[in-house]
Amino acid sequence: AAGTVSGGTFTSANRYAVYTNQGGTLEISGGTFTSTKDAAISIYSGNVNLIGNSFVLNGISTVKYVDGSYGVLIANSNTYAPSNTEAWIYDESNNVVAYTKISGRSLSSTSNPMLANKTVKLVKDITTSKVVTVGTLTLDLNGKVWTTTATKTGISSTNSEITIIDSSAEQTGKIIGNDVAHITSTAILNLVSGTLEGVQPLIPGLQTGGTFNIKGGKVVSVDDESGCAIIFGSVSSTVNISGGEIVCGSADKDYGFAISRNGEHKTNAPTLNISGGKVEGAIYAAGLMNINIDGGEMHVPAKAEVSTIEMRAGSLNITDGEIINNLVLSADDSYSGNGTATRGCAVAVAQHTTELPITVNISGGEFQAYTPLYQGDAMHNGAQGVEISVTNGKFTATSNNIIWSENELIAIKGGLFNKSPEKYVAAGKTVVPNTDDATKNAF
């Protein structure tokens, strides 16, 4: 291994361009060293010194050591990486340990041990096909744009926990694709900052269950005709929204879904938990879903002919949060055959043709709409198995219908209302005038 290399081209398609196992020191001052599969240099014993800046090292990392770990060799006191480097790899102490080229590779700590529990920080805009993530790592978009060209999945997260952040001051980092991310198997995907942008950016539960935690950043559907930011698949999964924004590209059109599940999904109910953040567009549970809301903002703009939340199968529990629908039309239970059964409601219940049970419990929150709470029998099936209970909350109607139930299934046990809900008051309860001016509701 002792000696010098000042020029030449050295390429390995299977292992390393340089391999040292005889001790001593190898000095490299020139030449091009390329591994298309692994590190450019493998040091089994001895040392390698990089001199000057007339050399080029290409590989998933500069060097691989005898213990299987990857690292970065230092040239002239500067961390070295080739011009095609797409990301730096940082350890838990924020030290650079390697560089990598993401294009055409998996972000797998199984095949690339250097990635385990590390941060992959983009240093340039990149375009790739599908990328599979395995293991635990953090992806720092660093204000860069990662475009995925796969027809479906841009990022497939399998048996892993991947955390997406954007450390840039401008917060311009984003991942762009058609379906940006599928959460499969026992994967956990955390969005802390940055943007996921696509026609259907997130599809939890496409194959097997997983968990998606939205703590910040944005999930944006850019399809202004029928885009949906989060669409649940056929298998049980969990989405927790505690911050950030869920944005529907067609929110100002008549479609307007931000989160949905198709009516054909009658089993394996996914769970949607909302405790913060903002959902701009409708939550449409045509298929079986369990929804729990104890915070956050859910808004539908004036042009979207939908209800803010429409339950057609499953359960809905609301203890807090702001649920607003700005549509100026009345609720309408005419069924289109391929979409919502209501419009203009904050919360609407309209059982699907699947005739699955629906349970709605409201014990808090603010509801503002043409009709804040509505139950309709759109499919004329008698709404069997539908139960709706209100024990608290603040309801503001912009029409004369504060509450409406076609099958008289709503039981009001408490709450504040700007118009009397007397028709639906539960047995043993009465409507009384509200004397507290601070709440600004009449009953």
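**Figure 1. Overview of the chain.** The accessible surface of the chain comes to about 17700 Å², and 45% of this belongs to carbon and sulfur atoms; accessible areas come from the Shrake-Rupley method with a 1.4 Å probe, and for residues only the protein chains shown count as cover. This is a predicted model, in which local features need pLDDT of at least 70 and side-chain atom pairs count only at pLDDT 80 or more, while totals for chains, interfaces and linings use all residues. Residues are numbered from 1 along each chain as its sequence is written, and side-chain values use heavy atoms, with hydrogens and water left out. The chain has 44 strands and zero helices; both are DSSP runs numbered from the N terminus, helices being H or I with at least four residues and strands E with at least two. Of its 443 residues, 52% count as buried (under 20% relative accessible area; exposed is over 50%, partly exposed in between; 1.4 Å probe, protein chains only).

**Figure 2. The largest nonpolar core.** A nonpolar core is a set of buried Ala, Val, Leu, Ile, Met, Phe, Trp, Tyr and Cys residues joined through side-chain atoms within 4.5 Å. The largest one has 66 residues, and those with the most contacts inside it are Ile230, Ile246, Ile259, Leu272 and Ile309. A second, separate core of 14 residues includes Leu26, Ile28, Leu50 and Val63.

Figure 3. Beyond four places in sequence, the contacts of Ile246 (heavy atoms within 4.5 Å) include Ile214, Val219, Ala229 and Lys278. His299 lies in strand 35, which spans residues 289–300, and is buried at a relative accessible area of 19%.

**Figure 4. Cys228 and Cys248.** A disulfide is a pair of cysteine sulfur atoms within 2.5 Å, and by this rule the count is zero. The closest cysteine sulfur to that of Cys228 is in Cys248, at 6.6 Å, which is too far for a bond. Cys228 is buried, with 1% relative accessibility, and Cys248 is buried too, with 5%.

Figure 5. The pLDDT, the predictor's confidence in each residue from 0 to 100, averages 83 over the chain, and 81% of the residues score at least 70. Over residues 74–80 the pLDDT stays under 50, and the model has 18 contacts beyond four places in sequence for this stretch. Residues 333–338 also have a pLDDT below 50. Where pLDDT is low, the predicted coordinates should not be read in detail.
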